[in-house]
Amino acid sequence: MSRKIVAAAAQLGPIARTEPRSSAVARMLALMEEAHRRGARLVVFPELALTSFFPRWLIEDEAALDAFYETEMPNADTRPLFDAAARLGIGFYLGFAELLTEGGVKRRFNASILVDPEGRIAGRYRKVHLPGHYHPEDWRRFQHLEKRYFEHGDLGFPVYDFMGGKAGMCLCNDRRWPETFRVLALRGAELVMLGYNTPQHYPQAPEHDHLQDFHNHLSLQAGAYANGCWVIGTAKAGLEEGCELIGGSCIVAPTGEIVAMAQTRGDEVVTAEIDLDRCSELRKNIFNFALHREPGDYGPICEGAEARAAEREAITKGSRFDRD
């Protein structure tokens, strides 16, 4: 049985702060239709694909902040994506801000879902590696308040049976951490999908600005190669509310080779045929985990978990969004 799938990275250009979800969804529907015309059966959209990247602003009015989150999925705004998936027979990945209320307490996550070709949710993920900071810093040209607006993901790195293979998800900064891809691969993921919103300017080390595209692709290619898996990374790109976001949406083979890449920083579809059986080229040889891994020597990778959790809790104290 063939396990070849034509897949698409559906890059979005900038989304204005005032742009309604209906507009963003209409743009995604157009990209999905284009992907379908090219034979795609899977489409990967960006992180926080329904709104502007709101962590760049300090938003102190809670109702104004809540407006950037989804309280259910699908909802009235996103239902057309699910309907199109079922009509076209296309699965998709979608990143969005998730708001839950449990026991009267609001919980916020940077999240993504997998939707199957029947329009049903097949998997969920909540971002683990949250970058940025908790409290506003006046010296920055723009804020990066992900640690303020989102909780550390509580689902870990799950892997799902999806479209004839094993699929996993992550989001943006997760791609920079090799543990993300390794845990997914150890759980059998043959395809990893992720969306990102990555500024061209890095405030802490502006001398790295010219390396942002390189570091993006380096992370994706290394993750694919060292774990023998396909990787699809999709950007929200372009000049969004005064912040230039990198593009470079791409599809990476298990050999680490980029097989398709976006050429613009606007709305764009790139497609490639992915053969999930190619994962074995690496996993039966140089990255044969059962034969060559030495987990007994990797102890330091997992040390300090309790201390990190305590540090996270201490830093968030004083934030109006602290759960205590």
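Colleague: What makes helices α1 and α3 roughly parallel?

Modeller: In this predicted model, α1 (residues 21-37) and α3 (residues 79-88) pack at an angle of about 10°, their axes being 10 Å apart. Angles under 35 degrees count as roughly parallel, over 145 as roughly antiparallel, 65 to 115 as roughly perpendicular and the rest as oblique, so α1 is roughly parallel to α3. The crossing of α1 and α3 is right-handed.

Colleague: Which residues make the contact?

Modeller: With contact meaning heavy atoms within 4.5 Å, α1 contributes V25, M28, L29, M32, E33 and H36, and α3 contributes P80, L81, A84, A85, R87 and L88. These residues divide into nine nonpolar, one polar and two charged.

Colleague: Why is the pair of F45 and F92 called edge-to-face?

Modeller: The search of the whole structure finds nine aromatic pairs. Rings pair if their centres lie within 6.5 Å; planes under 30 degrees apart count as stacked, over 60 as edge-to-face and the rest as tilted. F45 and F92 are 6.1 Å apart centre to centre, with 65° between the planes, and the pair is therefore edge-to-face.

Colleague: What does the pair of F45 and F92 tie together?

Modeller: F45 lies in the loop between β2 (42-44) and α2 (62-66), and F92 in strand β3 (residues 91-102), so the pair ties together parts that are 47 residues apart in sequence.

Colleague: How are the residues numbered, and which are used?

Modeller: Numbering starts from 1 along each chain as its sequence is written. Local features need pLDDT of at least 70, side-chain atom pairs count only at pLDDT 80 or more, and side-chain values use heavy atoms, with hydrogens and water left out.

Technical notes:
Axes fitted to C-alpha atoms, helices over the stretch in contact; angles between N-to-C directions. Helix = DSSP H or I, 4+ residues; strand = E, 2+ residues; numbered from the N terminus. Left-handed = near helix turned anticlockwise from the far one by under 90°. Nonpolar A, V, L, I, M, F, W, Y, C, P; charged D, E, K, R; others polar. Phe/Tyr/Trp six-rings, centres within 6.5 Å; stacked < 30°, edge-to-face > 60°.
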